[in-house]
Amino acid sequence: MSCLKIEELSVRYSTSSGALTAVDRVSLDLCPPPSSQALALVGETGCGKTTLALAVLGLLPANAEASGRVLYEGRNLLDLSEREWSRLRGDRISAVLQNPSLALNPVYTIGHQIGEVFRIHRGDRRDDAYQKAAALLERMKLGDVKRRLAMYPHQFSEGMNQRVLIAAAVALKPRILVADEPTKGLDADLKSAVIEELRIAGAESETALFLITHDLDAAGILCGRIAVMYAGEIVEQAEARAFFAEPKHPYAQALLDSLPERGFLAIPGHPPALTAPPQGCRFHPRCPRRMEACRDIRPETSTDAGWEVRCHLYR
Amino acid sequence: MGRRLSGLAVNLSLLALFLMLHPLSGSSPNSNPPDERASPQDPVLLRIGTTDLVQSANILLDANLSLFAHVSNPTLMKMNQEIEPEGQLVEAIEASADLKTWTLTLKDDLFWSDGLPVTSADVRFTLTYLRDKFPAAGWIKNTVSEISIVDRHTVVIRINRPYGRLDFEFTTYPLLPQHVWETIENPLRHTNPGRIIGCGPFIIDRTDLNRGVVAMVRNPHWKGPESQIDVVEIHLYKNRDVLALALEREDIDIFYEYASSYPYVNLDRLRGSGRFEFLEQLNLGLYFLGFNLKKPPMSDPKFRRAVALALDHEEILRLILLDNGRKPQLGFIPPSMPAFKPTRECALDRKEAARMLDEAGCRDRNRDGLRELGGGKDLRLTLLVDPHKPFNARLSELVEEYLRAVGLRVSIKAVEGSSWVSLKDRYSYDLVISRTSPWGMLMHASWATGYFDARRTGEGVLHTVDDPKFLALCDDLLAETDPGRFRSLAHRVQDYYAENLPAVALLWNKIITPYNQDFYGWELDPLYGLFNIDTLLSVRRKQP
Amino acid sequence: MKAAGPAFSRTGLVLFLVFFIAALFADILAPFPPQERFAPYTPPDGTHILGTNDLGHDILSELIFGSRVSLLVGFGAALIATILGLGIGLVSGYFKGAADHILMGVTDIFLLIPRIPLIIILAAFLRPSSWLIGLVIGLLWWTSTARIVRSRVLQVREMDFVLSARCLGFSHRHIVFSEILPNIIHLVLPKFMLTIATAMIAEASLSFLGLGDPGMKSWGMMLNFAFQKGALVNGLWWWLLPPGLCITLIVVAVVLIGLSWEERETAGIAAGG
Amino acid sequence: MKKSLRYLIALFVIFTLNFFIPRAMPGDPLANLLGEDYVIDEASLADLRAELGLDRPLPVQFLRYWSEILRLDLGYSFRFHDRVTHVIGARLPWTLLLVGSSILLGACMGTLLGAFSGWSRASLKNRTGTVLFLSVYSMPPFFLSLLLLYVFAFRLGWFPLKGVYASGEWTDILRHFFLPVMSLTLYLAARYYLIMRGSVIQERDKAYVLYARAKGLFGRRILFRHVFKNASLPIVTLIALDFGFIFSGALFVEIVFSMNGLGTLIYDALLARDYPVLQGIFLIITVMVVVANAAADAVYPLIDPRVRKGV
């Protein structure tokens, strides 16, 4: 039984320079049995990953319009009102957003901001919430907890703030945790600490992790399934170990080849502008194995034992 | 479209609000005046509204409080209806034949408000106190050689030169109680916002500047005719509009300003309301255009006559006074003054003015429409004016225009009062617009001589005339005691003005004072208008 | 949706243009020469749309001519203030060090001066003239411009193109005027507009106190005369309201333009950062 | 420390200006003192000048000016016949009452309404509010006061026309202060409204707002729990820097409503060339501006932890 089912989700932005489709008919299942619960969405910057995350969280900006369905416990999240959403968010569905130092409010203490989750969703009083926040940080081994709780975001490093966000996100043991680039910009030590915390959170509290990242290492460590996104589309979705062993889609292959341990080969060309994506296969201008059909015909997704690929090579 | 205009719409709606409220004007101002209203058993309260702002509780030095204090600390003498000095606190005043010894006899029913009698010692004290401590009374030091007490009511003053008009001087200084003021070291540094001991029918009870009220109560030891008023409140307003609104709303019972009329343009409304009556008198003072006689071309009488001819007095009367006044004459002095002598009326004659300007050497040689001086230099006249005084701003605008019409280029130099005085004293002007006050008309040798005699100084004094003929006239007037000769000297002064035009009167205005019909029995004083001792003793309130 | 969206800024521009045209073509637009006299205190009618004043001047004509004075004072003052603020900010931000310390110290002092009381005192003591009032306002209102310019210059001077210009040995003058100035001018323009607004309100207020230039019939002077001559008491709204509303409307226009420029600016910075 | 040194220098410079400006202007303070009809000999005139200290050379006057300031002695007013400290002291409380209550009300009203307006999406109500406040913002303060005076005091007769009190009871004072405070409050509120609105609009798109939503907050709870504090930071500095400006607004309000405060005192002293009082007021206002700024410097770190030192 999947706890989050995304069906044919599209997100269109209307901007001053025209409309663009950032997410194009994406279907994903979070925790499809029997595989591991965690799903990673990988892809380059600007491919629509973050938009997809925001759509799942109901946090799309005003100029975005989502269609399709995002099913959670039988309800289409896209139809929820802001009030209904507010009961879910932070409690059942929580998020670790990008840029932790900006996401935290500069004028309130860390303790206040973590504790706020308890106050909002559990109706705790200020002091109790603060105590619970302290207990949470204690578990994360963040050192002198009392002092840390009284500090402000600007006094923390980026990595520390990231861990604060994670602490707040897992505080209420959510069913789903959406983490958007949690390892971005962190050095190796911090990165592994963050990954460790996310792993523990997933293991301890039966939380399904939806990891959005361009960091394939983290995705490999944390997630049982990998989905690859390119120019608003999911081009490949597979069980993680198999995927890393033998990616099928040329884009996924190129992505893996760009990893340092696999040769550090940059993908030629640039990702397309979403206002005017290429006809046919969206990757074809950059694809080393493009064929005649790729230019004009948009490939359909073919499924083979839970391994989905959107490419003319695998029809 | 609607959105774009919404800013405009809000402002238009303000206008609409204004319009909607406007028709209410007939009824609402009269409804429910929230300030204290006396019910029949309450003491009778007379509320006087003024913009003569009292700024400190000092009856000697605050110009406006001293004005109101003349009913609490009256002067020894006062000006009667004929504008001649008459005893007020003194019963009799006699001068010796050589005009050097003056004997004053006080009335014997005068008491200070604390119960002590008013005695000749108070007179001597007041004069010596003022002589020593009051800078503006410097003449006492130079003139009075001895003040001696003869008995409780009689005091003899000896002066060092013949001075026929000493009695005039006694119309200005308030009588001070010796037992109070002898302890006041320096009157320049003294204020008393509480009760001030006086001997008039009313005394100042409180000067509350935060409330904006000077409250006067009856002097319990006043032995003269009894007043029907218990309390007089002088309400101070910082601007005339609000004062006018307050009068209409019956927050106050009468409007009073020294030597100023209620704004003419507001009269019709008051008349229309049917709640007010009006007292009219022709102002003793006047507005005038003065010349800097020390500078050409103003030093040329022809030039001055030309300027007088260029002024459209009829229009000034109509626009500035709304016809509430009279067309002035070249003799300067208005008919409200005693010994008025009719002279030629000011009349507009641009052609004649132009001719006389040509004759005076101010011709338009380069035909640019503006006249030059003899040497071909452009003639630029500076008109010095303090626009904060009523009428001045508009008068200067009109004068500038009239003179431009005969080819004289005038630039208005508008400065506030204090700068006006210094520039005037330094003679840095060509033309000047100013006004004379009722008291100023009487100072020095009277008939406005005080403003022109070059030997004098003072706030509004031009001191421009050093013509020996004029100075001799002044001296003769000062020494003259015979009423007949005095009168003919006064006529000669007016003839002098008409001939030599040291200044041209711009307007002779009426002072119109509205009062609420609830009160009646007002007396007009030629100097002080509606606010005077006689009024306070005679006015009464209608029974409801 | 931004604070002053396009509708607001368009309203501002249209309003401003109306006043600007009125000022420019006052001679053509005004029904009568400002000094021509008719019957005084005439209520509005077909000939005199806003009636006449105490001297019989046509109020509409006076109003139209008055726009010149208000605009001139506003623009003059804002120009002086902006040039001063720009200059001080540039020098302070570009040269840093001692110059910066001194200039910012001076700026701090100016910020602390109670400006309106000072202007009232100066206007009363000196000969009241619109030029002078404009000049004094200009000399006092440059501080916030200077501060903004300085902090922007501090950023710009470290940017690549400026650094490279400095390495290439261009003169300070060249760098300041050709490299830095174009990058801060857009910051200064909204300030310029807001200073116009301040100056116009200050001029009107001084005139209302009777400290204005009696020779220049600005809207403030018109109001001053209207009050002196009984317009309030007699409810002569056609004399009282138009100058007050004109001041308000032109200030609204200028503020709207200034705010929308300012907003475009911050939006641009947000997008660029 | 460096900041307080700057304030001291600023005070010194402004106080010095305060000494020289009136003396550089034309007009003789004695001219108004004596009136139009006086005969005065040179000796008394000289005495009078000596009494006012006007006979000394300028540097001596300057030194005396400073020694008096340091002794908190603002000199003597020959117009009001009292010590300047007394003259100002008698009026200061009324002005402070007017200014203080207006700042309080204006800041509350302006920031709250401005925050709502900046937070909610464009709507007719929102737009009308903005246009209204923009109009008030653009109105010269005396014009606003006069409109209120005319409509509410004169036409409707709800309020007295002048003064700070009639009987002196607090309800009476309240009635007298209502319209003046209203005028100044509206005027200030308009300023704070526009600034707060702009500030909230800027904050509205910040990442922490998104995060607050992600935590489960929505609507105005985000505004009050997260945005308000951040957005109101500029207002604190503004109120302090505005102090001089607020006093000048009060000046016009006081003149229109005939209130016996500092504003009208400036005007009266100005026309009377009363140097000591003018200098005294200017000095008091400057000191208040500096104190307000220092207070803002002290308060600011309490609400904005980022500028706190040594943590």
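This is a predicted model: local features need pLDDT of at least 70, side-chain atom pairs count only at pLDDT 80 or more; totals for chains, interfaces and linings use all residues.

**A tour by questions**

Visitor: How far apart are the nearest C-alpha atoms of chain A and chain C?
Guide: Chain A and chain C do not touch. Chain A has no contact with chain B either, and there the closest C-alpha atoms lie 21 Å apart. For chain A and chain C, the nearest C-alpha atoms are separated by 10 Å.

Visitor: How many helices are there in chain C?
Guide: Reading along the sequence of chain C, you get the pattern α-α-α-α-α-α-α-α-α-α-α-α.

Visitor: What percentage of the residues in chain C is buried?
Guide: Chain C has 273 residues, and its C-alpha trace spans about 75 × 45 × 30 Å along the principal axes. Take the contacts between residues at least 6 apart in sequence: 72% of them join residues at least 24 apart. As for buried residues, their share is 58%.

Visitor: Are α8(C) and α9(C) roughly parallel or antiparallel to each other?
Guide: Two packed helices are described by the angle between their axes and the distance between the axes. For helix α8 (residues 160–167) and helix α9 (residues 172–180) of chain C, the axes come within 11 Å and cross at roughly 155 degrees. Angles over 145 degrees count as roughly antiparallel. So α8(C) and α9(C) are roughly antiparallel.

Visitor: How many charged residues are in the contact of α8(C) with α9(C)?
Guide: From α8(C) come Phe161(C), Val162(C), Ala165(C) and Arg166(C), which meet Ile175(C), Glu179(C) and Ile180(C) in α9(C). Five of the contact residues are nonpolar and none is polar. That leaves the charged ones, which number two.

Visitor: Which strands stand at the edges of the sheet in chain A?
Guide: Four strands make an open sheet in chain A, with antiparallel pairing and the order β2-β1-β4-β5. Each edge strand has a single partner strand, so one side of it is left without a neighbour in the sheet. The edge strands are β2 (18–30) and β5 (75–76) of chain A.

Visitor: Which residue in β5(A) is the bridge partner of Tyr72(A)?
Guide: Strand β4 (residues 64–72) of chain A runs antiparallel to β5(A), and two bridges join them. Tyr72(A) has its bridge partner in β5(A), and that partner is Arg75(A).

Key: Residues are numbered from 1 along each chain as its sequence is written. Chains are lettered from A and ligands numbered from 1 in the order in which they are written. A residue is buried if 20 or more other C-beta atoms lie within 10 Å of its own, exposed if 12 or fewer, and partly exposed in between; C-beta atoms are placed from the backbone. Two residues are in contact if their C-beta atoms, placed from the backbone, lie within 7 Å. Axes are lines fitted to C-alpha atoms, for helices over the stretch in contact, and angles run from 0 to 180 degrees between N-to-C directions. Angles under 35 degrees count as roughly parallel, over 145 as roughly antiparallel, 65 to 115 as roughly perpendicular and the rest as oblique. Ala, Val, Leu, Ile, Met, Phe, Trp, Tyr, Cys and Pro count as nonpolar, Asp, Glu, Lys and Arg as charged, and the others, Gly among them, as polar. Two strands pair if DSSP finds at least two bridges between them.
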